[in-house]
Amino acid sequence: MGDAEQPRRGYAWTLLSRRTVKAGRRPMITAPTPEMLWESSDPDAELRRRFGFGSAAAAVGWAVDLTVAEYGIEVRTVDRVVISAQNLMVWVTTPDQRLIIKICRLAVAHDWLTSRAALVGWLADRGQPVARPLMSVGGHRQLLQDDKSVGIQPVLSGGLLDATDHDQVLAAGHALAALHEDLAAWPDASRLENVGPVAGGRGKLWALPEGLAESVPRELLDRLDRRIAELPELPDRQPVHTDFRGANLLWQGTAISGVLDFEEARLDPAVMDLAHAVCLLGTWYHNWQPISPEAQQLLIDTYIDRRPLTDAEQAWLPPLIAWGMLGFGWYPEADRWL
């Protein structure tokens, strides 16, 4: 049994039938069958390999124990257990609300995640539709426990954004522009100066994914190179979301009700974030496709309506979008932007 599976603070966690966990005198809590969010790996095997938990029961026990001990919050049910790259996410119901416990297996990411949690808390104060991180009893937004970095946040209402609905695309454009305006005003932006990626890293600007460059039509690469050679100086950097896409946006009623997952937030030109959104606004978890040309332009137009682009940003946007489309193998879309 690994360290992460050991009983903590005197509570004995045991796996019962149907993945049921019982902790001392606490109410019985069922550990759901774990899932993979993006990948096709075996979740039970990945719980052991990535996080050191021998079973879903051990993972649930560890997460619930931490929530009670470090946040003083009673957990009544555990609703879902999901693995996404370096993160283990546990959805729980408490007497007052539903929460998500996000467990990053990378101890090295703790300071990065602490800075990003501070940013999200500040955005919540500005009225942005974000999930404000909860404070622990000790006054921390992010905890380092057993070489894992842990944050807890409320589950926001709404369903994933549907980029085939132009009303939702329009709202996304305004939301991204408003988010960029607030992000540019964050007084502690220097905290993101040296943060690293949590979800998988990013290549150098204009680099294509390994193994793809050879399959991209040479004519498209030549046109992209010509556009790059004509570009002015890169626009100024500011805090940006970095992953503003359908899987990280919630829609409820007539408005965007949540902007999720700031774990890759960093300093970049805002136009790079806009270009990324144009490429990936319609993506959820599987079977990625670009949004329609009409939706792409609507997103840009509504963004500009709120936050006009500078001359430099206008020059950079088309080749950035084309580069992003090439990176996903969407050659007709790249051709349109070149």
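Start with two helices: H6, which covers residues 270-280, and H7, which covers residues 293-306, have axes that come within 9 Å and cross at roughly 150°. Keep in mind as you look that this is a predicted model. Angles over 145 degrees count as roughly antiparallel, and H6 and H7 are therefore roughly antiparallel to each other. Their crossing is right-handed.

Which residues bring H6 and H7 into contact? On the H6 side you will find Ala270, Leu274, Ala277 and Val278, and they meet Gln296, Leu299, Ile300 and Tyr303 of H7. Sorted by class, this contact has seven nonpolar residues and one polar residue, with no charged ones.

Stay with H6 for a moment and turn to another neighbour, helix H8, which spans residues 311-327. The axes of H6 and H8 come within 9 Å and cross at roughly 40°. That angle makes H6 oblique to H8. Here, too, the crossing is right-handed. From H6, the contact uses Ala270, Val271, Met272, Leu274, Ala275, Val278 and Cys279, while H8 brings Glu313, Trp316, Leu317, Leu320, Ile321, Gly324 and Met325. By class, the contact of H6 with H8 has 12 nonpolar residues, one polar and one charged.

H3 and helix H4, the latter made of residues 166-184, pack at an angle of about 115°, with their axes 11 Å apart. H3 and H4 are therefore roughly perpendicular to each other, and they cross in a right-handed way. Leu119, Trp122 and Leu123 of H3 make this contact with Leu179, Asp182 and Leu183 of H4. Of these residues, five are nonpolar, none is polar and one is charged.

Rolling a probe the size of a water molecule over the atoms shows where empty space is left. How many cavities of 30 Å³ or more does the model have? The count comes to two, and the largest cavity holds about 280 Å³ of space.

What surrounds that largest cavity? Its lining has 20 residues, and those nearest its centre are Lys102, Pro133, Gln142, Gln153 and Glu263. The elements that give two or more residues to this lining are strand S7 (98-104), helix H3 (110-125) and strand S9 (148-154). By class, the lining of the largest cavity divides into 10 nonpolar, five polar and five charged residues.

How values were computed
Residues numbered from 1 in each chain as written. Predicted model: local features only at pLDDT ≥ 70, side-chain atom pairs only at ≥ 80, totals over all residues. Heavy atoms only, no water. Axes fitted to C-alpha atoms, helices over the stretch in contact; angles between N-to-C directions. Helix = DSSP H or I, 4+ residues; strand = E, 2+ residues; numbered from the N terminus. Parallel < 35°, antiparallel > 145°, perpendicular 65-115°, else oblique. Left-handed = near helix turned anticlockwise from the far one by under 90°. Contact = heavy atoms within 4.5 Å. Nonpolar A, V, L, I, M, F, W, Y, C, P; charged D, E, K, R; others polar. 1 Å grid on protein atoms, 1.4 Å probe; cavity = no way out; pocket = protein on both sides within 12 Å on 5 of 7 lines; lining within 4 Å. Points joined across faces, edges and corners; volume = space filled by probe spheres on them.
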